[in-house]
Amino acid sequence: MKLYYATGTCSLSPHIVASEAGIALDLERVDTRKTPRVTESGVDFETVNPNLYVPALQLDDGSVLTEGVAIVQYLADVNPDSGLTAPAGTPARYRLQSWLVFIATELHKMYSPWLFHPEYGTQAQDVARKKIGQRLAFVETHLAAAGPYLMGERFTAADAYLFTIVGWSGLTKVDLSTFPRLRSFMDRIGARPKVRDAMAAQGMPPGL
Ligand SMILES: N[C@@H](CCC(=O)N[C@@H](CS)C(=O)NCC(=O)O)C(=O)O
């Protein structure tokens with residue numbers, strides 16, 4: 001399988017899941033800041049994902065899976081013994097999906113694009129930071145009541161995604177100082193050897 005990724009983006013999340021699941025990936029870097037979008041080996045990325053964004057996972061049959069939430073569940077299901085997801089049909093599976101969708105829609109799409117584009121202006125960015133703060137307070141309360149991971153005692157694909165997105169907080173000036181459990185979550189996940197491996201493979205320094 002080949003992961004199309006860009007350094008420092010949400011494509012870290014599926015990379016962490018693959019790494020934790022013991023799945024070896026071929027990697028193909030895409031510079032998402034450039035147009036036209038050509039991958040490091042010269043492929044026109046529009047032929048891989050017409051929406052032009054990472055992550056995209058090319059399966060061994062040549063088909064391409066897009067959308068991070070779908071990709072991490074697929075990878076986790078390739079190795080169910082990894083415990084990165086829960087069996088289909090169980091309440092735990094839907095709780096996991098609930099977290100993945102929450103992270104995608106309430107966090108990921110609030111940080112990005114809003115906080116990565118100064119041209120949107122301070123008013124839009126202040127609104128995004130306030131909303132993110134409210135959502136992170138919800139996560140903090142959950143971790144206090146039912147942590148240390150989103151699904152309780154076990155690290156799952158949802159934690160990989162949360163780590164990736166909250167990892168943008170320094171860069172985007174989202175204040176984590178009032179969320180001690182979340183900060184300890186970030187430290188704990190960032191110290192996992194497989195997470196460090198995935199970050200190094202994507203050219204990221206350890207820690208976020
Ligand atoms: N809906 C997509 C969004 C992915 C996304 O936002 N990717 C960003 C990086 S984090 C990207 O590649 N942006 C470049 C672009 O949209 O042109 C998903 O959840 O996988």
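Predicted model: local features only at pLDDT ≥ 70, side-chain atom pairs only at ≥ 80, totals over all residues.
Strand E1 pairs with two other strands. With E2, E1 pairs in the parallel sense, over four bridges. Leu3 stands opposite Leu27 of E2. Between E1 and E2 the chain passes through helix H1, residues 12-21. This β-α-β crossover is right-handed. E1 and E3 run antiparallel and are joined by three bridges. Here Leu3 has Leu57 of E3 as its bridge partner.

Aromatic rings were examined next. A search of the whole structure finds eight aromatic pairs. One of them joins Tyr4 and Phe45. Tyr4 belongs to strand E1, residues 2-5. Phe45 belongs to the loop between strand E2 (26-29) and strand E3 (56-58). The two residues are 41 apart in sequence, so the pair ties together separate parts of the chain. Tyr4 and Phe45 are both buried.

A second aromatic pair is formed by Trp99 and Phe138. The ring centres lie 5.8 Å apart. The planes stand at 35 degrees, so this pair is tilted, because that angle falls between the cut-offs of 30 and 60 degrees. Trp99 is in helix H3, residues 91-111. Phe138 is in helix H4, residues 121-146. The pair links distant parts of the chain, 39 residues apart.

Trp99 has a relative accessibility of 10%. Buried means under 20%, so Trp99 counts as buried. Phe138 has a relative accessible area of 47%. This value lies between 20% and 50%, so Phe138 is partly exposed. Trp99 and Phe138 also belong to one aromatic cluster, together with Phe102.

Charged side chains were examined as well. Arg188 lies over the face of Tyr149, 5.5 Å from the ring centre. Arg192 places its charged end over the ring of Phe155. There, the distance to the ring centre is 3.9 Å.

In this model, then, strand E1 is paired with E2 in the parallel sense, while E1 and E3 run antiparallel. Tyr4 of E1 also pairs with Phe45 in the loop between E2 and E3.

Key: Residues numbered from 1 in each chain as written. Heavy atoms only, no water. Phe/Tyr/Trp six-rings, centres within 6.5 Å; stacked < 30°, edge-to-face > 60°. Buried < 20%, exposed > 50% of the residue type's maximum accessible area, 1.4 Å probe, protein only. Lys NZ or Arg CZ within 6 Å of the ring centre and 35° of its normal. Pairing = 2+ DSSP bridges. Right-handed = clockwise from strand over helix to strand, strands pointing away.
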